[in-house]
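Colleague: I am new to this one. Can you walk me through it, step by step?

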Amino acid sequence: MNSDMYSRLNTKGSLSYSLLIMSVSICMATWLLFAIDKETHQFSDLLSPGNLAALVVYFTPTFLTCLLIHHLLSKKISNTKSLVLSLVVGVPLSFLGIIFILSNNS
C-alpha cells in the first residue's frame with residue numbers, strides 16, 4: 001500500500017470518527033437543553049413526538065455549523081483540537097441562533 005493511499009484511508013477513518021463524536025455530542029447537548037425545560041419530568045418525555053421533531057430542528061443546523069467550523073479549523077490545527085473547538089463554539093452559537101429565530105417568529 002503506498003503512503004498516499006494510506007493517508008487517504010486514515011483521513012476517512014478520522015473523519016468518520018469526528019462525525020460520530022460530533023453527532024453524539026450534539027444529540028446529548030440538545031437533550032440536555034430539553035431536559036432543563038420545566039415541562040420535562042422523565043426521560044420518556046424527551047422521546048415524545050414533539051421533542052423528537054424539535055431535536056431535528058435543533059440538531060440539523062447545529063451539526064452543519066459544527067461541521068463547517070471543524071472543516072475550516074482542521075486546515076490550521078489538529079483534528080482533535082478542531083473537533084473540540086467546533087463543538088465548544090458551534091453548539092452554543094447554533095442554539096442561541098435557533099432560539100433567537102424561533103422567539104422572533106412567535
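Modeller: Start with a definition: helices (H or I, at least four residues) and strands (E, at least two) are DSSP runs, numbered from the N terminus. The model is predicted, so local features need pLDDT of at least 70, side-chain atom pairs count only at pLDDT 80 or more, and totals for chains, interfaces and linings use all residues. Residues are numbered from 1 along each chain as its sequence is written, and side-chain values use heavy atoms, with hydrogens and water left out.

Colleague: How many helices and strands does the protein have?
Modeller: From the N terminus on, the order of elements is α-α-α-α. The count is four helices and zero strands.

Colleague: What share of the residues is buried?
Modeller: Buried means under 20% relative accessible area, exposed over 50%, and partly exposed in between (1.4 Å probe, protein chains only). The protein has 106 residues, and the buried share is 23%.

Colleague: Which residues does Cys66 contact, leaving aside neighbours within four places in sequence?
Modeller: Contact means heavy atoms within 4.5 Å. Cys66 is among the core members that touch the most others. With those neighbours left aside, its partners are Met22, Ile26, Ser86, Leu87, Gly90 and Val91.

Colleague: Is Thr62 buried or exposed?
Modeller: Thr62 sits in helix 3. Not counting residues up to four places away in sequence, Thr62 touches Ile26, Gly90, Val91, Ser94, Phe95 and Ile98. Its relative accessible area is 0%, so Thr62 is buried.

Colleague: How far is the backbone oxygen of Tyr58 from a polar atom of the Thr62 side chain?
Modeller: Tyr58 is also one of the core members that touch the most others. From its backbone oxygen to that side-chain atom of Thr62, the distance is 2.6 Å.

Colleague: Where is Ser86, and how far apart are its C-alpha atom and that of His71?
Modeller: Ser86 is in helix 4. Ser86 counts as buried because its relative accessibility is 0%. Ser86 and His71 are 15 residues apart along the chain, and their C-alpha atoms are separated by 8.8 Å.

Colleague: Why does His70 count as buried?
Modeller: His70 is in helix 3. Leaving aside neighbours within four places in sequence, His70 is in contact with Ser18, Met22, Asn79, Ser82, Leu83 and Ser86. His70 is buried because its relative accessible area is 4%.

Colleague: What is the relative accessibility of Gly97?
Modeller: Gly97 belongs to helix 4. Gly97 and Tyr58 are 39 residues apart in sequence, and 9.9 Å apart in space, C-alpha to C-alpha. Gly97 counts as partly exposed, so its value falls between the two cut-offs: 28%.

Colleague: Why does Val89 count as partly exposed?
Modeller: Val89 is in helix 4. Val89 counts as partly exposed because its relative accessibility is 44%.

Methods
Core = buried A, V, L, I, M, F, W, Y, C linked by side-chain atoms within 4.5 Å. Polar contact = N/O pair within 3.5 Å; in protein donor to acceptor, adjacent residues only side chain to side chain.
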